[in-house]
Amino acid sequence: MKQGIRRKFMPYLFFAALLLPAACTSIDCPVQNAVYTIYKVYDSNGNPVALMDTLTISTTRSDGNDSVLLNRSVNTSSFNLPISYTSPADTLIFEFKNEDDSVTDRVIVSKEDTPHFESVDCNLSYFHTITGVQWTRNVIDSIAINNQSVNYDLSKEHFHIYFRTNP
């Protein structure tokens with residue numbers, strides 16, 4: 001008789017054992033744990049514009065090699081750029097090309113890095129607080145920090161970048 005009861009409840013115990021590991025975690029790890037800064041382009045009068053010239057943005061990685069972050073973008077009105085995990089500042093080289101000329105500007109974004117831990121099941125990621133920005137003024141007129149907090153939220157613009165004229 002005891003064996004009959006075991007056989008009757010065995011499928012239920014097996015099903016419960018399958019569900020138990022799924023109930024152990026309620027955290028969904030982000031698929032992409034990289035964070036990006038969002039730039040919006042304006043003319044010198046504060047009007048949103050699109051750059052007509054080709055824009056390439058590159059940086060130098062910690063190993064000394066160059067890395068292209070935005071390659072030959074045309075009609076650019078906004079763009080997202082990754083931010084380094086643990087470096088206190090990121091140096092970006094903005095290269096503007098048209099049929100006749102090529103002009104570069106250098107942008108240095110200073111920041112504080114904060115490790116972000118969600119769960120032991122997830123990789124460690126870094127959130128950032130932008131503390132300052134410097135730039136050369138060949139084509140770029142000014143850069144304003146719109147939102148200092150850089151995290152997974154891609155709906156907020158971090159920088160408003162103003163150009164002297166449409167390069």
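This briefing covers the pocket, the cavity and a nonpolar surface patch of the structure above. The model is a predicted one. Its largest pocket has a volume of about 350 Å³, and its largest cavity has a volume of about 50 Å³. On the surface, Phe117, Val120 and Leu124 form a nonpolar patch.

**Largest pocket**

- A total of 17 residues line the largest pocket, and those nearest its centre are Thr59, Thr60, Arg61, Ser84 and Asp90.
- At least two lining residues of this pocket come from each of strand S2 (54-60), strand S3 (66-73) and strand S5 (89-97).
- S5 provides the largest share of the pocket lining, with four residues.
- By residue class, the lining of the largest pocket comprises eight nonpolar, seven polar and two charged residues.

**Largest cavity**

- The count of cavities of 30 Å³ or more comes to one.
- The lining of the largest cavity consists of Thr37, Tyr39, Leu81, Pro82, Ile83, Asp90, Leu92 and Val109.
- Strand S1 (36-43), strand S4 (78-82) and S5 are the elements that each contribute two or more residues to this cavity lining.
- Six nonpolar residues, one polar residue and one charged residue make up the lining of the largest cavity.
- Asp90 is named among the residues nearest the centre of the largest pocket and also lines the largest cavity.

**Surface patch**

- Together, Phe117, Val120 and Leu124 have about 350 Å² of accessible area in the nonpolar patch.
- Phe117 lies in the loop between strand S6 (102-116) and strand S7 (125-135).
- Phe117 has a relative accessible area of 55% and is therefore classed as exposed, the cut-off being over 50%.

Technical notes. Residues numbered from 1 in each chain as written. Predicted model: local features only at pLDDT ≥ 70, side-chain atom pairs only at ≥ 80, totals over all residues. Heavy atoms only, no water. Patch = residues over 30% accessible without salt bridge, like charges linked within 9 Å, V, L, I, M, F, W, Y side chains within 5 Å. Areas by Shrake-Rupley, 256 points an atom, 1.4 Å probe, with all protein chains shown as cover. Salt bridge = Lys/Arg side-chain N within 4 Å of Asp/Glu carboxyl O. Buried < 20%, exposed > 50% of the residue type's maximum accessible area, 1.4 Å probe, protein only. 1 Å grid on protein atoms, 1.4 Å probe; cavity = no way out; pocket = protein on both sides within 12 Å on 5 of 7 lines; lining within 4 Å. Points joined across faces, edges and corners; volume = space filled by probe spheres on them. Nonpolar A, V, L, I, M, F, W, Y, C, P; charged D, E, K, R; others polar.
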